[in-house]
Amino acid sequence: MKILYFAKIKEIIGKNEDSINIDEQTTVEDIIEKLKLIDESYKLAFKDLKNVKCSVNCNYINSFQTKVSNNDELAFFPPVTGG
């Protein structure tokens, strides 16, 4: 699974992507919990999920309970604001 990070999340983690393997379909929330085990920067980046938005295969999702599989692409970014 390809995982992309943008904006502040990318800055905190210190890179713009990861690649992980999952054996079976799981939720985005489970992926986030797995990422938080990597190190403190991931814990900080995903500390407050109300400040994190996500897309699966370039489609915004409304729930971290959305199911994903190993062939999916996840992207994490802070809420988008206009100006």
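Predicted model: local features only at pLDDT ≥ 70, side-chain atom pairs only at ≥ 80, totals over all residues.

Reader: How many helices and strands are in the protein chain?

Author: Start with the terms. Helices (H or I, at least four residues) and strands (E, at least two) are DSSP runs, numbered from the N terminus. Here the protein chain has 3 helices and 7 strands. Their order from the N terminus is β-α-β-β-α-α-β-β-β-β.

Reader: What does the radius of gyration of the protein chain agree with?

Author: The radius is taken over C-alpha atoms, and the globule rule is 2.2 Å times the number of residues to the power 0.38. For 83 residues, a compact globule would have a value near 12 Å; the protein chain has 12 Å, so the two agree. Along its principal axes, the C-alpha trace spans about 40 × 25 × 20 Å.

Reader: What share of the residues counts as buried?

Author: Buried means under 20% relative accessible area, exposed over 50%, and partly exposed in between (1.4 Å probe, protein chains only). Of the 83 residues here, 39% count as buried.

Reader: How many salt bridges does the structure hold?

Author: A salt bridge is a side-chain nitrogen of Lys or Arg within 4 Å of a carboxyl oxygen of Asp or Glu. The structure holds 4. One of them joins the side chains of Lys 15 and Asp 18, at 2.6 Å from N to O. Lys 15 is partly exposed, at 35% relative accessible area. Asp 18 is buried, at 11%.

Reader: Where do Lys 36 and Glu 33 lie?

Author: Both lie in helix α2 (residues 28–36), 3 residues apart, about one turn of the helix. Glu 33 is partly exposed, with a relative accessible area of 39%.

Reader: What separates Glu 40 and Lys 43 along the helix?

Author: They are 3 residues apart in helix α3 (residues 40–45), so about one helical turn separates them. Glu 40 is exposed, at 55% relative accessible area. Lys 43 counts as partly exposed, at 39%.

Definitions and conventions. Residues numbered from 1 in each chain as written. Heavy atoms only, no water.
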